[in-house]
Amino acid sequence: MDLNTILTAILLLPLGSAVLIALFLRRRGGLAAALSVTVGFLIMALSLDVLLTWNGQDFHVSTEWLRFGTYAFSMGFYFNHQTALMLLVVSFVASWIQLFSVGYMDDDDAKGRFFGGLSIFMFSILGIVLADNLVMLFVFWELVGFSSYMLIAHYYKTDFANMASKKAFIVNRVGDFGFLLGIVWCWNHYGTVNLIELHGKLLGHPELLGTHRAIAIGLLLMCGFIGKSAQFPLQVWLTDAMAGPTPVSALIHAATMVAAGIYFLARVFFLLSPFTLHWIMWSGALMTAFAGLCALGQTDIKKTLAYSTLSHLGYMACAVGLGYPELAMFHLAMHACFKATLFLGSGSVIHACHHEQDIYKMGGLLKKMPLTGITFLLASLANCAIPFFSGGYSKDSIITAAFLKGHTDGSVYFGVYLLVLFGALCTALYTGRLFSVVFLGKARSEDAEHAHESSPFMTIPLVVLGLLSLGGGWAVYGWTWGGHFTGLLPSTCVVVFAQAFKDLQEAAEKSGAATILEVVNLVIALAGLAAAYLFYGRAPAGDPLAAKAPGVYHVLERHGWFDDVYDWYVKQVQQRICDLIGAIDLLLFKFTFGWGSGGLAGLTGSVLRRFQTGSIHAYVYWFLAGVILFWALAIG
Amino acid sequence: MQPGLQAYLTVAGFLFAIGFAGVLLRKNTLVIFMCLELMLTASTLALVAISRFYNSMDGALFVFFIITVAAAEVAVGLAIIVALYRRRHTIQVDELNYLKH
Amino acid sequence: MPAFFFYFFSALTILAALLVVLNRDAVNSAMCMIVALGGVAALFVLLQAYFLAVLQIVVYAGAVMVLFLFIIMLLDPKTRRIPVSEMNMVVGLVALVMLAIGAFWLARQYPTVANLPPVEALPTDAAPLGYATAAKTFGYGLFTRYLLPFEVAGFLLLSAMVGVIVLSKRTPADAHDDPAKPPRK
């Protein structure tokens, strides 16, 4: 089968699964689950087939879908090394998470709806991955937003889930508004929205990116990224999105959807002018630090991991801003593995404690759930960027890149370096806190007492993803084996970012600071973990920080009062404007059309009504009058 | 003086006017109907007169059809009046005003 | 002579027509109508349209007016006598006068053909649809130029017949009513 056919199959299989589930299997949860998981693994197999046999050449194909005068909306595939890596991440992680969901959702009544939602999500995200033009990307962008909305509101009987899903969708929409403006302006300015054509136009003409228009377009396109990847100022939806089931949080809000923003930035990197890149870099670095701090103020295990995701997305954004989109993709892939493991582990723990999510009601679970505990540990160490773990390679390279920028471009950029370093410290702190409180120490509640290891449906994906979070990064050493694999990943995916990694290492060596940087990173990580264990690990119940520094804790808990500011704005400002517009609308339409034309019609009707007297003689008189009139007209 | 075409047409016109006045004036449905027939007859007279004076058979043949149609119309109209009388028990047109607004 | 007959029969017809309109009793109106139709038939004879004159008497005065009389008789005598209101009378007379003047004026528009052209008994080959007095001309015209209207008229009569049968069916609600009795209200 040629590449086009396989890619079409990969894209359309989950759509078929979603349609089948929606039409026939809504009440047959078991069958729906089986179908969705089968399709998921089928997609994984097809993707691996593609990745192992791809010859490395850029592949693109497109067909015209709709034509509006001079503009043709086409759908097509653009397959390059970024696509390859993202395809691997999406298909691999998604399949295992689907398998996990079978175990996690075993006591849920609406499995059919859930797996249908997962299937439609798969279709949407694969569309983003494979899209070759911005409009098609935008269509699937919105579809992903819809799938997220549907899945967050899975427990729709609770108010909180409904509000969270609406919030997620609306905040995304705000970002997408800018995105759409950017796409339209891009078409207006460059004449095309096709990525290959855009790349061709800008190749070798870097001065084209200096114009004000190009800068504006870049900033507007960035709005889409800000919305989808929950960066400042639209980060408020991600923590509330944890109202959805844990597999959803793992798949959508950690591994794939929020990473789609980063993938998008990497795809359109050539459209982003230096000004835009600066903005992305600084906001990413700030986000890293801020989110890391907020994670220390949460007692819900999933919210902590959500802030962790925000922090890592900040890292990826920072990498793009520094000019290394390949490193951002690398970190995206590694992050997907270990964050998915962390979320799935938390899901396993939540399921075992009967849907308890407060970490201060868990404890001592390492003994009771060894597999979960060990995979969680592996993923946590990757999260903290301990060397040899997957996260270590990618995160450290980003920190190194930040340092090098400060070194070469002026000392103001050391601020970026300090921020990401501080973010790394916070990461170590909250990861240590999480692990110590949940898995070490003594059980803090009945449910934690009686917890036991989860079913194989849940533990097997944990093991697989845990192993990847351990060894995913070994590909940078260039061990090729089996002709098609480098490290634990297919060679075709690894090639480009391994090269970028090597280049970065060389640059670091040249500047002479390579070893110092590594040592600093390691020290910070270990110090953070140790401090966390000492501070949090032996606490009986309740958060020690809350007890000892309630002011600080309160700030962290309110996560910078963003939600409150937006709330105030919506209630006081936006609502007032809407009421005003509503009043004008009422005035305009009710008075003009209601009383105006409507009244006129009514008046005419009530006048003409009088003619129906029911008397034949009256009608005959009118008839006579008509005849005389006609006669007069005929004569004169 | 020989009656010319104008004379016959005048008579037909007068008959038509009388018939029309009858439709306007009378309240008995049946008499109104008869006045309608009177109007039809006036038109047949006019047609025959013109046909005769212009030496063409077309007018007379038309009268043939008018008589046929009038007969059919009377039959159906009277059946309707009888059915109406059965329901409303009146043939006075100012009482038959159920279509009044 | 023909002039005298013309004036006599015209006056008769117009007088009878006026009586139709002004009579209080519907039966009297019907009788006057028959007289008026007879007068019109006479006028047809004066125009040498003999066939039509006979047709008028037999069909119109004979069948149609008899049917009218049947229906009039079917109804209660009290319902037959409905006078005209005075207001209506004034308006109606005004309308009548106006219409009469209009008709007179209209008639004047036609050229005065004082001399009746001679008329054949039978149609000639030169003018097959020229005016002739024999019934054969009617046959000729009906079956050549006016064949379609002739067939359609037949169809019309059929539908009228069917319609009348349907319309005069008694509904169960009416079955107990005698039209001669006073209304049930």
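**Note on the chain interfaces and local backbone of a predicted model**

1. B:Asp58 pairs with C:Arg145 in a salt bridge, with the closest N and O atoms 3.1 Å apart. The rule asks for a side-chain nitrogen of Lys or Arg within 4 Å of a carboxyl oxygen of Asp or Glu. One salt bridge is found across the interface of chain B and chain C.

2. Ground rules for what follows. This is a predicted model, where local features need pLDDT of at least 70 and side-chain atom pairs count only at pLDDT 80 or more, while totals for chains, interfaces and linings use all residues. Residues are numbered from 1 along each chain as its sequence is written, chains are lettered from A in the order in which they are written, and side-chain values use heavy atoms, leaving out hydrogens and water.

3. The B–C interface in totals. Chain B brings 72 residues to the contact and chain C brings 92; contact means heavy atoms within 4.5 Å. About 7600 Å² is buried between chain B and chain C, and carbon and sulfur atoms give 77% of that. Buried area is the accessible area (1.4 Å probe) that two parts lose on being put together, summed over both.

4. Polar pairs. Between chain B and chain C, eleven residue pairs are in polar contact, both residues at pLDDT 80 or more. A polar contact is a pair of N or O atoms within 3.5 Å; within protein, one must be able to donate a hydrogen and the other to accept it, and residues adjacent in sequence count only if both atoms are side-chain atoms.

5. The chain B side. Helices H1 (5-25), H2 (29-53) and H3 (58-88) of chain B each give two or more residues to the side that touches chain C. H3(B) has the largest share, with 24 residues. Helices are DSSP runs (H or I, at least four residues), numbered from the N terminus. By class, this side of chain B holds 49 nonpolar, 15 polar and eight charged residues. Here Ala, Val, Leu, Ile, Met, Phe, Trp, Tyr, Cys and Pro count as nonpolar, Asp, Glu, Lys and Arg as charged, and the others, Gly among them, as polar.

6. Chain C against chain A. Seven residues of chain C are in contact with six of chain A. The buried area is about 480 Å², 79% of it from carbon and sulfur atoms. C:Asn88, C:Leu99 and C:Trp105 supply 50% of what chain C buries there, more than any other three residues. The rule finds zero salt bridges, and zero residue pairs are in polar contact with both at pLDDT 80 or more. The side of chain C that touches chain A has four nonpolar residues, three polar and no charged.

7. Backbone in chain A. Which residues does a cis peptide bond join? A:Phe232 and A:Pro233, with omega about -5 degrees. A:Pro233 sits in the loop between helix H8 (212-228) and helix H9 (236-240) of chain A. A:Ala230 lies in the loop between H8 and H9 of chain A. A:Ala230 has a positive phi of about 55 degrees, although it is not a glycine. Most residues other than glycine have a negative phi, and most peptide bonds are trans.
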